[in-house]
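Here's a short tour for anyone meeting this structure for the first time. Have a look at the sequence and the model, then read on.

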Amino acid sequence: MAAYLIRRLATLPLLLLGISGVSFVLLNLAPGDPAEIVLRQRNPGQALNPTAVTAMRTELGLDAPLPVQYVRWVSQAIAGNLGRSYVTEQPVARQLARRTVPTALLTAAALTLALLVAVPMGILSARQRGSPVDTVARLVALVGAAAPSYALAYGLIILFAVKLSWLPAFGYGSAAQVVLPAIALSLAPMAQLMRLIRASMLETLGQDYIRTARAKGLSERTVAFGHALRNALLPAIGATGVSLGYLLSGAVIVETIFTWPGLGQLMVGAALARDYPVVQGFVTYIAVVVLLVNLIADIALRVADPRLRFGREGM
Amino acid sequence: MPKLMRQSIKLLTLMTLALLLVLAMACGAPAASTENAAVPAATEPQALPAATTVQQQAAQETGTSQQPSQATAASEQPAASTTELEQASASATDDVERPTLTAGVIWLDSPLDPVEGAWAASQGGMAENLFRLSAADLSPEPWLATEAVQIDPMTWQIELRSGVRFHNRAVMDADAVKASLERTIRLSPGTGERLAIASMEVKDSHTVVINTTDARPTLPGLLTTSQTAIVDAAAADAAGEDNFLSAGALTGPYIPTEYIHKERLSSVANDDYWGGKPPLAGIENIAIPDTNSRELALQAGDIDFAINISPEGVERFDTVPDLHSRTAGAGTSVVMWWVNFERGTLSDPLVRQAVSHAIDRESIAGLVAPAGTGSFADLLLPEAMASCPGVAGPEYDPQRAGELLAQAGYIDTDGDGYVDKDGQALEIVIGGYPQRFQLPIMAEAAQAMLGEAGIRAEVQITEWSVVKEPTWDLFGWYNNVVDAGDPVLNVSKFVGLHADASDSGANNYGHYSNPELVGIIAQAGDVSDIQQRKQIACEALAVVAEESALLPVAHAYMMYGVNERVSGFEPHPHRLYMFDDRIGLSE
């Protein structure tokens, strides 16, 4: 286990370098001159002076070759300095930190909701295959997988805020305001997890050791929950880690629609304003979070499944 | 129940409880603010000012050959008359707890300090200028000033309103106004260049004399821009750039109390306001950038007021009980295309004219600014700024477009439906940016129309700064065209000139250049009569239209959605003016 952990941790910096490097190159390929963007932000409505643009390019370090710029950015990022926003001129790291709590709350609520629904529904759906419960579960999974989060978000607002007036349509500041965005955000991972757990449970219930359990005269409930469930839930552990990536990408849309002041809204605003340091910082930060969560999920999977643990270490 | 199942349920229940606990704790406290300040204590109301006028006197004693005509800035009463102010004040009694209005706005991403060109403080009823644009005809009218007299072409005497205090209780007098304008010149060089102030003299506590480096017949108009809002310069400078809010440096009916960038801007009533006690306890401006979300929040009753609603929203609100759309019914922003004179394709006048005849701009205006939300812009400036009888833009005439293309040597030789010349198809790129919903619609409609005329068009909706790159032939643009209430200035800035025809190149994204136009604009020099300036603007617009130098499409209105509890809201055609001391909210 320790060797596995060291191996995984060693690959993290390489992955981060790759992700941030690709992001850095893509941002630099995008049309528009950041120096002009900064000058426009600082002097709205005024004509651009070519000399001022050149001076600003120097000030921002944009006159250096791209690889030099990237190396400079990486060395600063290692020290926790992700640069300053072109728009607000505030440190990017501070902006990311301030927006992390709302996004963490929203994704935690959405993930919990997804697990609370997906786990029991997936199990029930598998145990009662072909029943009305199974049909409903598959329908929910289908809608969740197919419906775009923005359509779902607007639908929820129209139903629960406009028509029924049960919940607020937007905002951040009360527990009621988390309900609609969490539902909108949770449906896609909920559908994915539900289908996975159902399929995994069905596969497990058909295995030899389950047949043996049944042959020993155990009740169907004991067979399902006492013998099949643990193995059936193993794929869901890994999938939960992957779901976090979906949740964070979904948050970009959901946070914008619900005016939720999180990382997603920050990212949308930064992308539209061509605020490259914020976009670059966001991509790197999210990459770190997703990689770490996936690492934790993998470790959890190994803790839960001795076959993986011993198999790997025996190699 | 098997052990694992029980453990799973227990774990999930604990996770849910923990989540709810965290949510309750986290949501109880607002996110950290970027600017905070203690609210100045409310004090006794100030006496209402005397009725005001702006007069501009002929410079008969100056000895100059050009004599500015009288009343360039026509005599106007401030939009909020004394009677209205008294009514507003009367409605705000001490005995009744006043409501707070919640408004959904698009952006709250700029600094609060008006000198940085931000509108938030002006729109929010926090900042005021010496002059503002009249809602009736967009001419400058007194606000914190009471009178402006042009002593000679390069000298203005401005009388100030008495009884005005900054939010920090400091008195706004002539010294404070002088310091404020000096700060503007220091921190906003572009504005300083436009104002051309050589020196300022404090004549008495309520009189400032401004000397300009050259003739500035439209100085009151130039003092309506957000950069020239009057601030307590000493307090603002002492507070520092990042702490402007705490300086209490503004004068408006609402005092900013908390500003969280891109989230909200809170204010409380300035009970010490020179116009009387405002009817509201405060205004909460919430940033809701998504138009649909803003409209749904209004429908849900979460906000009382929504800015910049869509044509569909207008239609919906006018059929929903308790909600209304509101507009001043005059377009002060233009939706248009820049025409690229440097790229090659449209530098050929015949092709450029063919393209302008091939696009039915009036039909497209009906799509992006349907009746009640805007109007067709045949010319760059709206009627309110300059009515130009006999001047018209290129007419939709596909047959003429075909003839012009043939004259230019473009015919369909291979029968694919698109014209070509020397084996090269005629292809143009239509650019734009997505933040203004009109621009992608315009681009797609034009693409279809050009296709009908045999011109292949590619739509590239990217973002606004691409306008500065040589990758497009037409580029969609949305811009205010009533700056300073001066028609000449607003034509000039779109053809790369200042109002005095100097400094070619500024904001001229199409790289259009025409010496005839420079000559026409130069006539405006020291002309102060607004009718003469309108005439000069019309002459310039005739040249611009004849050459298809720009292709205007629509003049968009400022559209608001309000619930029926909102009272005293009078929409102004200009985006700078939204909340004032009259807006209220009934219970």
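Predicted model: local features only at pLDDT ≥ 70, side-chain atom pairs only at ≥ 80, totals over all residues.

Let's begin with chain B. Four strands there form an open sheet in the order 5-6-8-7, and their pairing is antiparallel. Strand 5 and strand 7 of chain B sit at the edges, each pairing on one side only. Ignoring direction, neighbouring strands of this sheet are turned by 20° against each other on average. As a bit of background, strands of a sheet pair through backbone hydrogen bonds.

Now look at strand 6 and strand 8 of chain B: they run antiparallel and are joined by five bridges. Glu159(B) is found opposite Thr207(B), which belongs to strand 8 of chain B. Helix 4 of chain B packs on the sheet, where it touches strand 6, strand 7 and strand 8 of that chain. The direction of helix 4 makes about 170° with that of strand 7 of chain B.

Here are the strands of the sheet with their residue ranges:

| Strand (chain B) | Residues |
|---|---|
| Strand 5 | 145-152 |
| Strand 6 | 155-160 |
| Strand 7 | 197-204 |
| Strand 8 | 207-212 |

Over in chain A, helix 11 (residues 263-272) packs against helix 12 (residues 276-304) at an angle of about 145°, and their axes are 8 Å apart. The crossing of these two helices of chain A is left-handed. Which residues of helix 11 of chain A meet helix 12 of chain A? They are Leu263(A), Leu266(A), Met267(A), Ala270(A) and Ala271(A), and on the helix 12 side they meet Val278(A), Val279(A) and Phe282(A).

Notes. Residues numbered from 1 in each chain as written. Chains lettered and ligands numbered in written order. Pairing = 2+ DSSP bridges. Axes fitted to C-alpha atoms, helices over the stretch in contact; angles between N-to-C directions. Contact = placed C-beta atoms within 7 Å. Left-handed = near helix turned anticlockwise from the far one by under 90°.
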